[in-house]
Amino acid sequence: MSSKNLCFLAFIFVSLSVLAQYSKVPNTPVTFKKKELLNTYITEGASIGDLNSDGHQDILAGALWWKGPHFKKTYALNIFKEFPITGPGLEGYSTNFFSFPGYFNEDKWIDVLQIGIPGTDSKWIQNPGKSARKNKKRGIYPQIVNGQEHVCHESPQLLNIIGDSRKELLSFSNGSITIGIPSMTENKWKTIAISPIDKSRFPVFKHGLGIGDINSDGRQDILEKSGWWEQPLNWDMKNNWMYHEYPFSPKQGGAQMFSYDVDGDGDMDVVTAMNAHSYGLSWHEQIKKKGKIYFQEHQIMTDKASGNTYGVVFSQLHALACADIDNDGIKDIITGKCFYAHNGRDPGAEEPAVLYWFKTTRNSDGTVEFIPYKIDSNSGVGRQISTGDLNKDGKIDIVVGNKKGVFAFIQE
């Protein structure tokens with residue numbers, strides 16, 4: 001046998017040996033149908049909401065929205081603009097990072113909060129409602145209203161944090177962790193700090209932010225990469241929240257952070273990407289000792305194939321969501337690769353822009369496993385993933401917007 005054939009056989013043997021060390025991904029009945037809504041770059045995120053109050057969910061991304069349930073008709077929310085996917089500095093980025101549907105005035109129509117590049121002021125687009133139908137000749141130009149000023153951080157979220165009837169904007173601003181409260185009467189939102197001012201610790205560009213009732217007192221606490229902030233009882237909207245240090249993502253920080261009972265033991269655990277511009281995905285198990293809360297990290301995925309039971313590895317997990325994908329009553333993780341998050345300068349930048357869901361599987365011995373299922377290999381994520389039932393079939397669907405375009409993944 002020639003040396004060439006021997007080398008080829010050796011290569012096959014090594015390849016089979018490498019594959020044998022990883023477990024086979026179990027079959028799943030969950031499948032998705034990909035729907036490409038746009039193939040150009042207009043935004044870093046997409047969201048879901050019933051903009052025209054017809055009972056069907058619509059898809060929002062940047063300056064556009066697609067009418068549900070078929071998503072064939074497209075309408076403009078704002079001035080439409082396409083952006084290059086590379087460029088010096090911030091030139092290779094859309095001026096729209098996030099779109100959050102919500103009620104920001106006294107009418108019953110869903111408005112849209114838009115957040116741009118960190119450090120800029122947010123704006124919300126007032127839904128014209130029924131008056132839109134009376135303005136067919138010259139088109140609809142919704143009123144754009146001031147929101148929170150100087151919105152910083154790369155993982156802001158619109159959430160019900162303080163337990164009132166409206167959602168608030170969680171972000172950084174002017175060197176603090178802040179809650180932005182919509183104003184019904186003034187021309188800008190009220191911004192309240194929950195942390196001390198420290199511009200080196202809470203800068204314009206940062207990763208990893210979310211909420212969860214960590215101490216099970218019925219109040220939402222705030223999660224950030226270096227620890228959690230405990231919401232006080234009867235908060236006066238003046239005093240800082242109590243800080244509990246823990247390195248959830250000790251390097252650069254990940255994406256949106258989530259808290260749910262991963263292992264089924266009755267307390268809140270934390271899920272986070274470890275580095276938005278590199279590798280890593282982990283969940284942190286809550287452990288109580290003598291009445292105090294501690295966490296233990298469990299790696300789901302690292303920077304090597306050997307760091308995952310199934311050999312799955314990808315970089316730039318700049319957006320993350322949690323939802324019960326397979327309707328088993330337990331939340332799962334949705335994330336993927338952010339295509340050209342740093343204009344191609346990040347580790348693994350040229351690898352496929354994948355989108356995955358990780359099934360939360362509780363084993364009989366009390367351990368937890370996250371089984372990775374690939375949804376797509378040519379879309380990935382931006383800075384915002386949104387989930388919801390787009391076609392009223394009781395199944396969770398996914399929408400993303402990034403430098404590849406805007407996509408909907410309809411669960412079949």
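Predicted model: local features only at pLDDT ≥ 70, side-chain atom pairs only at ≥ 80, totals over all residues.
Residues are numbered from 1 along each chain as its sequence is written, and side-chain values use heavy atoms, with hydrogens and water left out.

**Charged pairs**

- E44 and R383 join their side chains in a salt bridge at 3.2 Å, N to O. The term covers a side-chain nitrogen of Lys or Arg within 4 Å of a carboxyl oxygen of Asp or Glu.
- E44 sits in the loop between β1 (32–38) and β2 (47–49), and R383 in the loop between β25 (368–376) and β26 (385–388), so this pair ties together parts 339 residues apart in sequence. Strands here are DSSP runs of E with at least two residues, numbered from the N terminus.
- R383 also forms a salt bridge with E154, at 4.0 Å, N to O. E154 belongs to strand β10 (residues 152–159), so the link spans parts that are 229 residues apart in sequence.
- Why does R383 count as buried? Its relative accessibility is 2%. E154 is buried as well, because its relative accessible area is 6%.
- Put together, E44, E154 and R383 make up a network of salt bridges.
- Elsewhere, K359 and D326 meet in a salt bridge at 2.5 Å, N to O. K359 is in strand β24 (residues 355–362) and D326 in the loop between β22 (320–323) and β23 (332–336), 33 residues apart.
- The count for the model comes to 11 salt bridges.

**The eight-strand sheet**

- Eight strands line up in an open sheet, in the order β17-β16-β15-β14-β18-β19-β20-β21, with mixed pairing. Two strands pair if DSSP finds at least two bridges between them.
- At the edges are β17 (242–245) and β21, each pairing on one side only.
- From one strand to the next, the twist averages 25°; axes are lines fitted to C-alpha atoms, and angles run from 0 to 180 degrees between N-to-C directions.
- β14 (residues 209–212) and β18 (residues 256–260) are parallel, with two bridges, and G210 has M257 as its bridge partner in β18.
- β20 (residues 281–289) and β21 (residues 292–301) are antiparallel, with nine bridges. Their hairpin has two residues between the strands, and K290 takes a positive phi near 55° there.

**The four-strand sheet**

- Another open sheet has four strands in the order β1-β28-β27-β26, with antiparallel pairing.
- β1 and β26 each have a single partner strand, so one side of each is left without a neighbour in the sheet.
- β1 and β28 (residues 405–411) are joined by six bridges, and K35 has A408 as its bridge partner in β28.

**Nonpolar cores**

- The largest nonpolar core has 43 residues, of which L320, I333, I334, F358, F370 and I398 touch the most other members. Such a core is a set of buried Ala, Val, Leu, Ile, Met, Phe, Trp, Tyr and Cys residues joined through side-chain atoms within 4.5 Å.
- β25 gives the largest share of this core, five residues.
- Leaving aside neighbours within four places in sequence, I398 has contacts (heavy atoms within 4.5 Å) that include F32, I334, I385 and F409.
- A second, separate core of 18 residues includes C152, I194, I211 and W241.

Notes:
Buried < 20%, exposed > 50% of the residue type's maximum accessible area, 1.4 Å probe, protein only.
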